[in-house]
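I opened the model to look up how its parts pack against each other. My notes follow in the order I took them.

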Amino acid sequence: MIDALTLAVGVTALALAAWCGFAFSRDQPTKDWHFIGMAVVSVLALVQLVVGVVRLGGGDRPGQGTAIFVAYLLGSAAAVPAAGFMSLAERTRWGSATVAAGAVILAVLEVRLYDIWGG
């Protein structure tokens with residue numbers, strides 16, 4: 001994997017988690033700006049998914065197994081969008097908490113992806 005891309009996804013996910021956590025602490029639901037932030041993080045995760053699939057197609061193999069790597073790639077691409085959809089259903093401060101939790105999950109998945117690839 002590309003270390004800089006993994007780092008970028010992880011850092012932006014943590015920034016989104018902090019931002020939505022701050023909104024939660026101020027008793028605010030997710031706003032349009034939060035969804036723009038979710039879109040940025042989701043695009044980075046999708047780019048990482050594409051890069052990972054291309055690297056696998058090119059013959060590169062992760063150190064801990066292809067199936068688990070693909071599963072983590074798919075999970076990382078779906079974490080923030082799933083949290084965003086759940087926050088639409090919960091239009092209270094808990095929607096912001098849901099997105100913050102999803103972003104923290106994405107950051108943890110990024111660390112695990114780095115380990116699986118052999119980092």
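I took contact to mean heavy atoms within 4.5 Å. With that, I looked up Leu-106: leaving out residues up to four places away in sequence, Leu-106 touches Val-9, Ala-13, Val-41, Ser-76, Ala-79 and Val-80.

I noted that this is a predicted model, in which local features need pLDDT of at least 70 and side-chain atom pairs count only at pLDDT 80 or more, while totals for chains, interfaces and linings use all residues. Residues are numbered from 1 along each chain as its sequence is written, and side-chain values use heavy atoms, with hydrogens and water left out.

**Cores.** I used "buried" for under 20% relative accessible area, "exposed" for over 50% and "partly exposed" for in between (1.4 Å probe, protein chains only). A nonpolar core is a set of buried Ala, Val, Leu, Ile, Met, Phe, Trp, Tyr and Cys residues joined through side-chain atoms within 4.5 Å. The largest such core has 17 residues, and Leu-16, Val-41, Val-80 and Leu-106 have the most contacts inside it. H1, H2, H3 and H4 each give two or more residues to this core. I also found a second, separate core of eight residues, which includes Leu-56, Leu-73, Leu-113 and Ile-116.

**Helix H1.** Helices are DSSP runs of H or I with at least four residues, strands are runs of E with at least two, and both are numbered from the N terminus. H1 covers residues 3-25 and reaches 33 Å from its first C-alpha to its last. Which residues of H1 are buried? I listed Leu-5, Thr-6, Val-9, Gly-10, Ala-13, Leu-16, Ala-17, Cys-20 and Ala-23. Their cover includes helix H2 (32-57), helix H3 (66-89) and helix H4 (93-117). Just after H1, Asp-27 takes a positive phi of about 65°.

**Rings.** I counted rings of Phe, Tyr and Trp (its six-membered ring) as paired if their centres lie within 6.5 Å, with planes under 30 degrees apart stacked, over 60 edge-to-face and the rest tilted. This gave two aromatic pairs. One of them is Phe-69 with Trp-117, which is tilted because the planes stand at 50°, with the centres 5.0 Å apart. The pair joins helix H3 to helix H4 across 48 residues. Phe-69 is buried at 0% relative accessible area, and Trp-117 counts as buried at 16%.

**Record.** The unreviewed UniProt entry annotates residues 33-54, 66-88 and 94-114 as "transmembrane region". In the model, residues 33-54 are 100% helix, with end C-alpha atoms 32 Å apart. Residues 66-88 are also 100% helix, with end C-alpha atoms 34 Å apart.

How values were computed:
Expected span 1.5 Å × (residues − 1). UniProt positions renumbered as here; feature names shortened; annotations may be inferred.
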